[in-house]
Amino acid sequence: MSKHPTSAVGRWTRLVPRMRGKRIGVLGDLMLDRYLWGNASRLSPEAAVPVVDFVEQSECLGGAGNVAANLAALGARVEAFGAVGGDEAGRAIRNCLQAASIADSGVIADARRVTTVKTRIIARHQQVVRVDHERREALRAESSEKVLRALFSALKHLDALVLSDYDKGMISDDFAERALSACHRLGVPVFVKPKTSRLYAYRGARAIVCNTKEASFFVTRLLGDEKSLVEAGRALLAHFGCSAVVITQGEKGMSIFEEETPKHVQIPATSSEVTYARVGQTGISREAGGRQVFDVTGAGDTVLSVLSLAVAAGATIADGAALANVAAGVVVGKLGTAHVTPKELMAALEEMRA
């Protein structure tokens, strides 16, 4: 049985085709997610760890790149802005962008930079270990200016900008302020995934999307009950000077706070256990209520992507967040760095009518 009124599900359903063709920019830390697949049937004689017999390797966009890939999978016309190293991983990211039909003219190569790569070794459907190859120093001023120039020249034809900050050195306070100021002048709404190292650089964003841990850090207190969460949501609206704050809460769902609405909106979540055997496969059928928020690989990126695209297509923040909640439930059902397609999203919405 659906937990949502038929009229609401109908509004969300009508949004899906309207999202196609919207021009969305994605600015932030581009990363490569690499998977090494294998079998493990014995322990190493050198240490109490499994020996993985390599079978195959796969890779896909991570970080801000995963946000861009989510948007492209939903039919948006996406432009990426960021920096990669002049290394093999940087070239792999560019190949992945081009394969997903994501414009990469705003992605610059800096020979002095190391491209972030997150390598997951998986055996017998379980992640054995993750190896991160990265350096987090700030992007050189010369490279930063190149990215900003590319962004400024593209803004006039963008319907929205997503700023995805993973604290890998791409975004600085000054960089974020200049980007948001330019968007404000041109009326381009900005949707932000913030990092706790930058407290005020995202002021004026259309919406901030963060999880409970990040929200707790921003307001410097634990969020142990609904009262503290509501107080935090309202405080974050003032803190960031933004129109809306979306706080994802794991198994408790997500909460939406808007500057012009005194009452917050709570979207529930349902749970489902999945394993790496399901990476890239179709979503798991489950009760149609709230569907997200386990923060498995890329689920938070899906919320940010669908929210921004839905609002660019004319949705309210509340409806955009509700649709994002449904989309993230599909992604959680796949596990791994995954995306949702319009067909999958429509199928999930159809379940909610049953």
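Modeller: Let us begin with Asp 174, which is partly exposed, with a relative accessible area of 44%. Please keep in mind throughout that this is a predicted model.

Biologist: Why is Asp 174 called partly exposed?

Modeller: Buried means under 20% relative accessible area and exposed means over 50%, with partly exposed in between. The value for Asp 174 is 44%, so this residue falls in the middle class. Arg 178, at 30%, also counts as partly exposed.

Biologist: What makes Asp 174 and Arg 178 a salt bridge?

Modeller: The rule asks for a side-chain nitrogen of Lys or Arg within 4 Å of a carboxyl oxygen of Asp or Glu. For Asp 174 and Arg 178 the N to O distance is given as 4.0 Å, and the pair is counted as a salt bridge. Both residues lie in helix 5, which covers residues 173–186, and they are four residues apart, about one turn of the helix. In another place, salt bridges that share partners join Asp 110, Arg 140, Glu 142 and Lys 146 into one network.

Biologist: Why can side chains pair in this way?

Modeller: Side chains of opposite charge can pair when their charged atoms come close. A search of the whole structure finds 19 salt bridges. One of them is between Arg 120 and Asp 33, with 3.4 Å from N to O.

Biologist: Are Arg 120 and Asp 33 buried or exposed, and how do you know?

Modeller: Arg 120 has a relative accessible area of 5%, and Asp 33 also has 5%. The cut-off for buried is under 20%, so Arg 120 is buried and Asp 33 counts as buried too. For the salt bridge between Asp 132 and Arg 130, the closest N and O atoms are 2.8 Å apart. There, Asp 132 is partly exposed at 34%, and Arg 130 is partly exposed at 39%.

Biologist: What makes Val 128, Val 129 and Val 131 a nonpolar surface patch?

Modeller: A residue of a patch needs over 30% relative accessible area and no salt bridge, and nonpolar side chains are joined within 5 Å. Val 129, which is found in strand 7, residues 126–133, has a relative accessible area of 36% and is partly exposed. Together, Val 128, Val 129 and Val 131 make a patch of about 200 Å².

Biologist: How do you know whether Ser 143 is buried or exposed?

Modeller: The relative accessibility of Ser 143 is 3%, and buried means under 20%, so Ser 143 counts as buried. Ser 143 is found in helix 4, residues 141–154, and its C-alpha atom is separated by 8.2 Å from that of Ala 109, 34 residues apart along the chain.

Biologist: Why is His 264 called buried?

Modeller: The relative accessible area of His 264 is 17%, and the cut-off is under 20%, so His 264 is buried. This histidine is found in strand 13, residues 261–267.

Biologist: How many cavities are counted, and what lines the largest cavity?

Modeller: The count comes to one cavity of 30 Å³ or more, and the largest cavity has a volume of about 60 Å³. Its lining includes Asp 29, Gly 85, Arg 113 and Lys 168. Strand 4, residues 77–85, gives the most to the lining, with three residues. The lining residues divide into four nonpolar, three polar and four charged.

How values were computed. Residues numbered from 1 in each chain as written. Predicted model: local features only at pLDDT ≥ 70, side-chain atom pairs only at ≥ 80, totals over all residues. Heavy atoms only, no water. 1 Å grid on protein atoms, 1.4 Å probe; cavity = no way out; pocket = protein on both sides within 12 Å on 5 of 7 lines; lining within 4 Å. Points joined across faces, edges and corners; volume = space filled by probe spheres on them. Helix = DSSP H or I, 4+ residues; strand = E, 2+ residues; numbered from the N terminus. Nonpolar A, V, L, I, M, F, W, Y, C, P; charged D, E, K, R; others polar. Patch = residues over 30% accessible without salt bridge, like charges linked within 9 Å, V, L, I, M, F, W, Y side chains within 5 Å. Areas by Shrake-Rupley, 256 points an atom, 1.4 Å probe, with all protein chains shown as cover. Buried < 20%, exposed > 50% of the residue type's maximum accessible area, 1.4 Å probe, protein only.
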